[in-house]
Amino acid sequence: MMKIALISTYRPRQCGIGSFSKNLFDSLLLQHVDYSESFVVAINDPGCEYRYPPEVQFVIRQDDHDTYLKAAEFINRNNVDVCIVQHEYGLFGGQNGVYVLSLLHSLEVPVITTLHTVLKKPSYNELYIISEINKLSQRIVVMAHKAVELLRDVYSIPPDKISVIHHGVPDIRYDRAWVRKELGFADKKLLLTFGFIGRNKGIETVISALPGIVAQHPDVVYVVLGKTHPNVIKHSGEEYRLFLHRLVQKLELEPHVVFINEYASQENLFKYLIASDIYITPYLNEVQITSGTLSYALGVGSAVVSTPYWHATELLADGRGALVDFADHRGLSETLIDLFNRPEKLQQMRLKAAEFGSTITWPKIGGIYHSLFEENRLQNPVKPPKKDPAFDRSILPPLRLDHVARLTDSTGIFQHATYGIPNYHEGYCLDDNARALLMALMAYRRAKDETALRYIPTYLAYIHYAQNDDGTFRNFMGFDRKFLDDVGTEDAFGRAIWAIGYAMAHAPKDAYFQVARQIFFKAVPQFERLQSIRSIANTILGLYHYLKSHPTDDGMMELTHRLALRLHQEYDVYRRDDWHWYESLLAYDNALLPLAMLRAGDLLNNDSFRRVGFESLAFLEKHTMQRGHLSLVGNEGWFKQNGTIAKFDQQPIDAMATVLLFLQAYNDTGAPHYLRSVYTAFMWFLGENDLRMSLYDFETGGCCDGLGKDGVNRNQGAESTLAYLISYLAVQQTFEKPANRLIPLDKENDENSDISSHSLADASS
């Protein structure tokens with residue numbers, strides 16, 4: 001007994017890979033081992049439903065991410081021996097089909113993946129997706145030796161992990177004379193091209209070659225069998241088909257060209273193939289690693305003339321066909337005329353094609369797949385358990401501040417980047433310079449990083465310059481160094497106070513402490529005027545750092561108590577049996593709210609604040625950590641009470657806040673669960689997220705700006721990069737004292753490196 005789950009498009013969906021998968025599944029049922037309990041997980045294109053055969057037991061909706069996770073759950077509970085995935089970027093949802101990674105990461109059974117496309121020059125996302133598929137698959141199957149070469153050289157996949165199995169061909173036979181008569185071509189020389197129609201097919205090359213052919217062989221007819229590709233219809237309509245019709249009219253070839261605008265059934269297709277004299281694949285470039293149509297033609301013993309794309313170069317070797325250059329209608333005309341003029345050469349080509357075709361019929365190809373499954377089952381009887389990445393220190397990249405340096409000039413850190421390049425158009429902001437100051441202080445404390453030390457005064461100076469006389473702050477500044485607002489947001493105010501409070505506790509030079517102290521106490525009168533709960537939370541974090549190093553400042557202690565009490569009161573207003581939160585929705589920077597309550601509880605030794613902090617932490621954890629990884633509340637709709645959680649537009653600052661929250665909880669309790677959650681939350685940056693894509697860019701050292709439904713936003717601005725680095729520094733510190741309860745790096749008082757021993761009078765004046 002062998003039980004497989006096949007994930008693919010599937011008939012009756014009109015798709016070449018769907019036909020491939022149906023034939024593969026049927027061929028396995030013919031093997032001597034019982035495959036009767038095997039099933040198919042089919043992929044539906046958007047807006048379409050199909051009447052599938054009984055073997056289809058689950059359906060993935062291409063653009064519905066949840067159905068990928070549910071499909072994995074379905075497969076996992078069905079005691080499958082091996083899961084067979086047919087991969088082509090366009091089959092799966094998300095940018096470049098990234099949803100396939102969520103599916104594969106969730107499977108708990110061995111996986112074998114067949115790649116129908118292997119690109120020579122993949123994009124960043126395309127390369128990443130294939131690399132991840134390789135990591136998650138026990139075996140990779142391709143249909144051409146060129147694919148093995150590309151996977152080795154471009155994707156760094158070892159050849160011994162790759163199996164070459166030819167595209168199968170249905171074992172269908174008809175009497176040639178009978179089908180030619182049935183189709184009405186008994187007295188014609190029939191040229192044929194079939195498959196989905198699109199500009200890359202090069203059909204105009206054949207039409208342009210026909211005048212010379214028809215002049216010598218007036219009985220030639222060229223049949224173009226196939227519908228326009230659905231994606232072409234979506235974007236360009238029937239533009240290409242109309243172009244071909246006009247070309248036929250221009251060359252006065254109407255009697256010699258027949259367009260059959262339909263998706264041919266397998267039986268009808270084979271009638272045309274067997275009836276044809278020569279099958280032509282005139283594709284316009286070499287980048288095609290698999291051609292099912294070419295395999296079909298060889299399978300029935302057709303003479304084939306093709307352009308030299310990768311698959312054709314391999315399959316038509318040793319006299320099994322003829323090759324002509326891309327878009328060379330004169331060369332094509334000469335080749336076809338030569339074959340028609342030399343029928344013995346044409347017949348020899350057919351015989352060689354038929355000889356090869358007899359080795360790739362589906363029953364035989366099914367047997368090869370069966371042998372591969374058996375071999376995999378012997379070598380990998382159970383899918384190896386995934387190593388918990390949360391505890392694998394070796395996967396963490398080194399600390400790098402080169403992207404921060406790239407974004408920073410003498411004024412401060414730029415808000416945004418276009419990919420990895422600073423975007424001067426957007427200028428600077430207080431929020432990011434505050435985060436940058438916090439990160440730089442942390443990096444210098446932990447690693448004595450000279451780059452961090454060099455930039456501390458730059459970020460501190462921006463905050464100082466942004467402060468108004470009344471203690472508020474301006475936020476946005478253009479590239480011309482002119483502020484764009486008079487008073488910034490309360491959120492920006494709170495973030496500045498967090499960073500300044502940290503600077504007062506951990507400034508590496510007295511001059512920096514004095515500036516931070518001046519900024520802080522100038523802003524104090526604004527603290528109780530704040531209305532935003534997030535600005536209050538951020539301000540509490542700044543007070544926490546100040547008071548940890550100046551614990552006898554009773555006035556600031558009392559102020560902290562009043563601010564924390566306001567958060568507590570907001571919590572009491574909105575709390576319900578099923579809603580343990582500070583407002584009627586989970587929005588952004590969520591984890592900062594319980595973090596502020598836990599730190600207030602720690603600072604003030606207040607059990608009520610601690611209770612609220614831990615209760616709201618548990619509520620947030622329930623809704624963001626259910627699947628074994630951090631699944632943040634997305635900014636595309638957030639999570640309203642009695643509503644559903646928005647999954648995408650997840651932000652790095654939310655992941656950072658979650659890392660710091662769990663680290664604080666671990667420090668307060670010593671519970672290993674919270675330490676594991678610290679690592680799990682951090683791994684969101686490195687690919688343990690809903691799309692299984694790394695937001696950290698190992699090439700630039702930056703962090704991508706968010707996780708959208710189609711993939712990562714590859715711009716790498718200051719907010720995201722600083723969120724990653726602050727999280728990284730917090731996690732790195734946990735490795736220093738693995739056996740003990742930890743004090744988070746962004747709160748630890750390091751007397752050896754900090755100017756934090758100023759007199760109490762100085763600290764409170």
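Which handedness does the crossing of H24 and H25 have? The crossing of H24 and H25 is left-handed, where left-handed means that the near helix is turned anticlockwise from the far one by less than a right angle, and right-handed that it is turned clockwise. Helices (H or I, at least four residues) and strands (E, at least two) are DSSP runs, numbered from the N terminus.

The structure is a predicted model, in which local features need pLDDT of at least 70 and side-chain atom pairs count only at pLDDT 80 or more, while totals for chains, interfaces and linings use all residues. Residues are numbered from 1 along each chain as its sequence is written, and side-chain values use heavy atoms, with hydrogens and water left out. The average pLDDT (the predictor's confidence in each residue, from 0 to 100) is 91 for the protein, and 94% of the residues score at least 70. Over residues 738-765 pLDDT stays under 50, and for this stretch the model has 87 contacts beyond four places in sequence; a contact means heavy atoms within 4.5 Å.

Seven strands form an open sheet with parallel pairing, in the order S3-S2-S1-S4-S5-S6-S7. Two strands are taken to pair if DSSP finds at least two bridges between them. Strand S3 (56-61) and strand S7 (162-164) are at the edges with a single partner strand each, so one side of each has no neighbour in the sheet. On average, neighbouring strands of this sheet are turned by 20 degrees against each other, direction ignored. Within the sheet, strand S1 (residues 4-8) and strand S4 (residues 82-87) run parallel and are joined by four bridges. Ile 7 has Val 85 in S4 as its bridge partner. Helix H2 (residues 65-76) lies across S1, strand S2 (39-44), S3 and S4, and runs at about 155 degrees to S3. Axes are lines fitted to C-alpha atoms, for helices over the stretch in contact, and angles run from 0 to 180 degrees between N-to-C directions.

The loop between S1 and H1 holds Pro 12. The peptide bond from Arg 11 to Pro 12 is cis, with omega near 15 degrees. Helix H1 (residues 16-29) packs with helix H15 (residues 362-379) at an angle of about 75 degrees, the axes being 8 Å apart. H1 is therefore roughly perpendicular to H15 (angles under 35 degrees count as roughly parallel, over 145 as roughly antiparallel, 65 to 115 as roughly perpendicular and the rest as oblique). Phe 20, Asn 23, Leu 24, Ser 27 and Leu 28 of H1 make the contact with Trp 362, Pro 363, Gly 366, Tyr 369, His 370 and Phe 373 of H15. By class, this contact of H1 with H15 has seven nonpolar, four polar and no charged residues. In this classification Ala, Val, Leu, Ile, Met, Phe, Trp, Tyr, Cys and Pro count as nonpolar, Asp, Glu, Lys and Arg as charged, and the others, Gly among them, as polar.

A further open sheet has six strands in the order S10-S9-S8-S11-S12-S13, with parallel pairing. Its edge strands, S10 (257-260) and S13 (322-323), each pair on one side only. Strand S11 (residues 278-281) and strand S12 (residues 303-306) run parallel and are joined by four bridges. Thr 281 has Ser 306 in S12 as its bridge partner. Helix H11 (residues 292-299) packs on the sheet and touches strand S8 (189-194), S11 and S12, its direction making about 165 degrees with that of S11. Helix H14 (residues 343-357) lies across S11, S12 and S13 and runs at about 95 degrees to S12.

The axes of helix H7 (residues 203-216) and helix H13 (residues 329-341) come within 8 Å and cross at roughly 40 degrees, which makes H7 oblique to H13. This crossing of H7 and H13 is right-handed. By class, the contact of H7 with H13 has seven nonpolar, seven polar and no charged residues.

Asn 605 lies in the loop between helix H23 (592-604) and H24, and its phi is near 55 degrees, a positive value in a residue other than glycine. Helix H24 (residues 607-624) packs with helix H25 (residues 652-669) at an angle of about 135 degrees, with the axes 12 Å apart. H24 and H25 are therefore oblique to each other. In this pair, Phe 614, Leu 617, Leu 620 and Glu 621 of H24 meet Leu 661, Phe 662, Ala 665, Asp 668 and Thr 669 of H25. The contact of H24 with H25 has, by class, six nonpolar, one polar and two charged residues.
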